Amino acid sequence: MCVRDSCGAEAGPDGPQGAASCGCGSPKRAAALEPPEGWTAAAQPAERPPGAPGHEREALRQMVLISGGEFLMGTDSPGIPADGEGPQRLVQVDSFYMDIKEVTNQQFQSFANVSGYITEAEKFGDSFVFEELLSQSVKAQITQAVAAAPWWLPVKGANWRQPYGPDSDITERLDHPVVHVSWADAVAYCSYFHKRLPTEAEWEYACRGGLKDRLYPWGNKLNPNGQHYANLWQGDFPKHNSAEDGYVTTSPAKAFPANGFGLFDMAGNVWEWTSDWWTVHHTTDEQQNPIGPPSGTDKVKKGGSYMCHKSYCYRYRCAARSQNTPDSSASNLGFRCVSQDQ
């Protein structure tokens, strides 16, 4: 089981500096990293060109209403990662709409083609990729790694269009979740469609699907009746993924059963950005629509990914959480959007 801050490292001059918040999470692009010449911070597209309303209607059709209510957020259970999941507290959230699935390559491609948006990984010129997903030719060109998590390699040319480096593409993965998107990229996408990222409280409320104080979106058993309900790691992390759930890397965005709210992949597949700044300081007081601290260095991400295994990173539970700097990107980091109305 990995613990936050146990994986600090630098990739060196030939790759992005980073500190892995968790070896099976996503490496961080160091906040102090000097951006390449000509780089500018990611921003919302300035204008919505002709044709955008059609894309917007399609995006809105793939949302579901999450009726507001109260729930127990976090957990006080022993034996969990020290990531500020507790103390457990009563939280109330208002109603909101949420994407039924993680934003896919096809959706992001449509957005990028119409808006001309360029992601931060494309601007930086590199991103982190799990070593086992790389071709031998790409591996041969890499001389640096995240020291405490050597399975994470900085790959030049890796981005959402080329998730495993320059010799890869998304042609056969259009229905898979988009990866290598930073927090700012996710905000830009959501804003373009008049949406936003969920707060951590909204995300966790939605993850639970109406169930009270359960580990996973479907209950307390990881594989009820022997069935897989999420794209996770099976086998010996990070040496061997037996892929008993059918997937070694990402899976199509609706490959596993939905939770009680009709939401897919709220556990596993890819980590999902939220709007909250990271903090581990909570109160037991009842809260109404909490939004996290006003500032910070890292953003909260939720849900775990296809790289999560209980022996190393038990973060595919609804209460689990992790963090990344807002400009971080990796081959297991994506997002979904919410909206107050349709």
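In the labels used below, strands (E) are DSSP runs of at least two residues and helices (H) are DSSP runs of at least four, numbered from the N terminus. The model is predicted.

**First stop: two cis peptide bonds**

Select Phe237 and Pro238. The peptide bond from Phe237 to Pro238 is cis, and its omega is near 0 degrees. Pro238 sits in the loop between strand E9 (235-236) and strand E10 (240-241). Then move to Gly86 and Pro87, which are joined by a cis peptide bond with omega of about 0 degrees. The loop that holds Pro87 runs between strand E4 (69-73) and strand E5 (89-93).

Select Ala243, in the loop between E10 and strand E11 (271-277). Although Ala243 is not a glycine, its phi is positive, at about 55 degrees. Asp213 is another non-glycine residue with a positive phi, near 55 degrees. Asp213 belongs to the loop between H6 and E9. With a relative accessible area of 38%, Asp213 is partly exposed.

Display helix H2 (residues 105-115) together with helix H5 (residues 183-192); the two pack at an angle of about 75 degrees, and their axes are 11 Å apart. H2 is therefore roughly perpendicular to H5. To see the contact, show the side chains of Gln107, Phe108, Phe111, Val114 and Ser115 on H2, and of Ala188, Tyr189 and Tyr192 on H5. By class, the contact of H2 with H5 comprises six nonpolar residues, two polar and no charged ones.

How many disulfides does a search of the whole structure find? The search finds two. A disulfide is a covalent bond between the sulfur atoms of two cysteines.

Cys190 and Cys337 are buried.

Next select Cys207 and Cys318, which form a disulfide with sulfur atoms 2.3 Å apart. The link of Cys207 and Cys318 is left-handed, with -75 degrees about the S-S bond. Because Cys207 is in helix H6 (residues 200-208) and Cys318 is in the loop between strand E13 (299-302) and strand E14 (322-324), the pair ties together parts that are 111 residues apart in sequence. Cys207 and Cys318 are both buried.

Now select Cys308, which is in no disulfide; the nearest cysteine sulfur, that of Cys313, is 4.0 Å away. Cys308 is buried at a relative accessible area of 0%, and Cys313 also counts as buried, at 0% relative accessibility.

Colour the open sheet of three strands, whose order is E3-E6-E16 with antiparallel pairing. Strand E3 (63-66) and E16 stand at the edges with a single partner strand each, so one side of each has no neighbour in the sheet. Strand E6 (residues 96-99) and E16 run antiparallel and are joined by two bridges. Select Met98 and find Val338 of E16 opposite. Finally, bring back H6, which lies across E3, E6 and E16 and runs at about 70 degrees to E6.

Methods: Residues numbered from 1 in each chain as written. Predicted model: local features only at pLDDT ≥ 70, side-chain atom pairs only at ≥ 80, totals over all residues. Heavy atoms only, no water. Axes fitted to C-alpha atoms, helices over the stretch in contact; angles between N-to-C directions. Parallel < 35°, antiparallel > 145°, perpendicular 65-115°, else oblique. Contact = heavy atoms within 4.5 Å. Nonpolar A, V, L, I, M, F, W, Y, C, P; charged D, E, K, R; others polar. Disulfide = S-S within 2.5 Å. Buried < 20%, exposed > 50% of the residue type's maximum accessible area, 1.4 Å probe, protein only. Pairing = 2+ DSSP bridges.
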